[in-house]
Amino acid sequence: MPTKVEKDHLTGTDTTGHEWDGLRELNTPLPKWWLYVFYATIAFSAVWMIVYPSLPIWGVRGTSGWVAREALAPQLEAQRARQEPMLARIRALTPAQVAADPELRAFALAGGRIAFANNCAACHGAGGQGAVGGFPSLADDEWIWGGSFDAIQHTIRHGIRNAEDDDARTSQMPAYAAMLTPAQIGDVAEYVLSLSNRGTDAAAAGRGRETFNEQCAACHAPNGHGVPEQGGPNLADQIWLYGGDKASVMRQVANPRMGVMPAWAGRLDPATITMLAVFVHALGGGEQ
Amino acid sequence: MSKVETTERLKPPAASPPAASPAAPLYANRTKVYPRQVSGPVRRAKWAVLILCLGLYYTVPLIRWDRGPNLPDQAVLVDMTSARLFFFWIEIWPQEVYYLTGLLVLAAIGLFAATSLFGRVWCGFACPQTVWTDLFMWVERRIQGDRNARMRLDQHPWTREWLVKKAATHAAWLGIAMATGGAWIMYFNDALEMTPRFFTGGASPEVYFFFWMFTATTYLLAGWAREQVCTYMCPWPRFQAAMLDENSLVVTYRGWRGEPRGKAKADGVGDCVDCRACVNVCPTGIDIRDGQQLECIGCGLCIDACDDVMGRLGRERGLIAFETLANLARSEAAAKPLRPGPGRHACGMAARTPPRFLRPRTFVYAGVLGAVVAVMLGAWLLRDTLDLAVIRERAPLYVRLSDGAVRNAYALKLVNKTHEAERFALVLDGPRGLALLVQDAATDAEGRPLLATRPDGITQWRALVTAPAGLRLAESSPVTFRLVDPRTGRAVESTASVFLGPKP
């Protein structure tokens, strides 16, 4: 930086000697204490770096030993203590009883929303909308394992087709690729689609009907409306977990995919599971 | 600026090469200012403004205003915990902070307008820095004496008298500063309820923090920093020149009349006797005779000081006056050929014209001011006390039900700014066939959901709107949620949203 100090002719004041693109600055001296305050802030920052954890070195904590996470812990603890009376009441009740009490219901919906976002949204979506390919929507009115408060709570507690819980919901669909010819599978698919008025080939559907009654009706019910107690999904409605076109249905008949869900009983507090059941029930499809 | 003294101040270019002159330091010791006491109309106006401003500041929190049970009865209160701003009959919610923004815009434009008309009247009369500094200087003068006594006192520090007087001054300053900090927190807490808690140590740490913060800033800024705040810290002196023009009334030395300076009885000299009264009373320690300068806060105390001297000399007052630069130039041009004396003065004063207050600049400021006032007034008069916010749930965009129906969900927030709870029926306007259900809401005889409001609060609801299977709708259909007063049957509030479905 050029430091040619000149005298400004108009004011008789020296310039600071600093020049930026031809702009020069008159030197109007600042009070000295101003400079000392600036030095004091530098000294303060140095002390601050030693006292508080501001050096990005792993394990360096600062002499005060202060850590944001540890400062948060007692606050979290205090919040939990504040929630505990409500949680204790929820723990002692069934989801239906919680939902019937306006105060508890509001608490459970708020708590269930958080627990859902933390634990369930990864598969079932942020709003419980699910995804094609085996992640059922929880916002609609079709329930593979039942949509009552108790059924939802049971499913959350024990999960589906997992090896860790003996009470897990389990159903098994055989792979019909080994038992039926491709033509038969196509006919069955046509019949299944015709149940929800999606069929295009009445003759094929007629042939498939017979095979359906022999092979499928036991779990999916003769009219295709499903058997929730056995986990046989409704095939006659407009909701398709693995896709509702003929190719998808045929693939599902030939080599079925079946989703799994972990048991949450050991992972989550019983009150949290009850709140989740209330929340999922209120997403829009809960049954009595 | 007076030509006479401008030419005097214009020094010829330095004879010695610049490199030879030692560079002035970038930092220097502050030269302490010892303003002398002064009396006169400007000083009286300043006292009046000071008493009004400080009187309001310290007493407004004590004004009571009955709002009914469970509501604060303090007229002016910023209630942080319940997120409300109370101002007499007005109650503002946090989302209505634009009324505050509007007030700040008004204050800024008003400041510009006042500056274009009367120069830095804000700085000189009403700025808190000026007002509190003025009060602190008054205290200082009462205890330590006037200018000469204070200078003498500071020449011999650490004497008994010095210690006693300084201690008394700082104690008084701290007392005022504490009252300032104490009054500040009363704007955020109920004054009558907070005062006993404050003195028994039962107030929150935030209250004590802000109390000490405003105590410290008042004490330091008004007691120690003083004119340095205006000269070095405040941005306003830097750009106020943009609001001033040659028709603004500013504190000015009439150089055409005062120069050349000389003894009162000398011959051929102007009216300025170089008594330095104007310099001695200046709170920022400058010489107004140097012309317009950044450090001048426009307080006009030099006018009182000079008028006093002129009066005693039997000369016309107004050697320093609130004067426009345009008039200054006119007087100067008229008086230039004349010799100093009463004739020159009469000629210069005769050349003046009345100040032009109606100028394009003031019209623009008045126009903007009027527009902002109109917008704010309109916004206030049309302010809704009932508001229905409809937030469409976007995950999922829509839900396909087992029978093929399509359902959308909406979060409804019912804001009630009155202090009475009411119930409204919710009606959905949109494509025929849409079914409306509000979770947890009772329904009236016609099957419409009834939404209850909370007094001075928000209630939340979740609405499910279903298009039955077979209803052919566009991908997006406009819908309107209407709140109907069940007694009158009239719609009191409506909010538009959309209903989404699959591509047809």
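Between chain B and chain A, 13 residue pairs are in polar contact, both residues being at pLDDT 80 or more; a polar contact is a pair of N or O atoms within 3.5 Å, of which, within protein, one must be able to donate a hydrogen and the other to accept it, residues adjacent in sequence counting only if both atoms are side-chain atoms. The model is predicted, with local features requiring pLDDT of at least 70 and side-chain atom pairs pLDDT 80 or more, whereas totals for chains, interfaces and linings use all residues. Residues are numbered from 1 along each chain as its sequence is written, chains are lettered from A in the order in which they are written, and side-chain values use heavy atoms, without hydrogens and water.

On the side of chain B that touches chain A, helix 10 (227–233) is among the elements that supply at least two residues, and its three residues form the largest share. Helices (H or I, at least four residues) and strands (E, at least two) are DSSP runs numbered from the N terminus.

The contact (heavy atoms within 4.5 Å) involves 30 residues of chain B and 29 residues of chain A. About 2,700 Å² is buried between the chains, 59% of it on carbon and sulfur atoms; buried area is the accessible area (1.4 Å probe) lost on putting two parts together, summed over both.

One salt bridge is found across the interface, a side-chain nitrogen of Lys or Arg lying within 4 Å of a carboxyl oxygen of Asp or Glu. Asp440(B) forms a salt bridge with Arg105(A), with the closest N and O atoms 2.9 Å apart.
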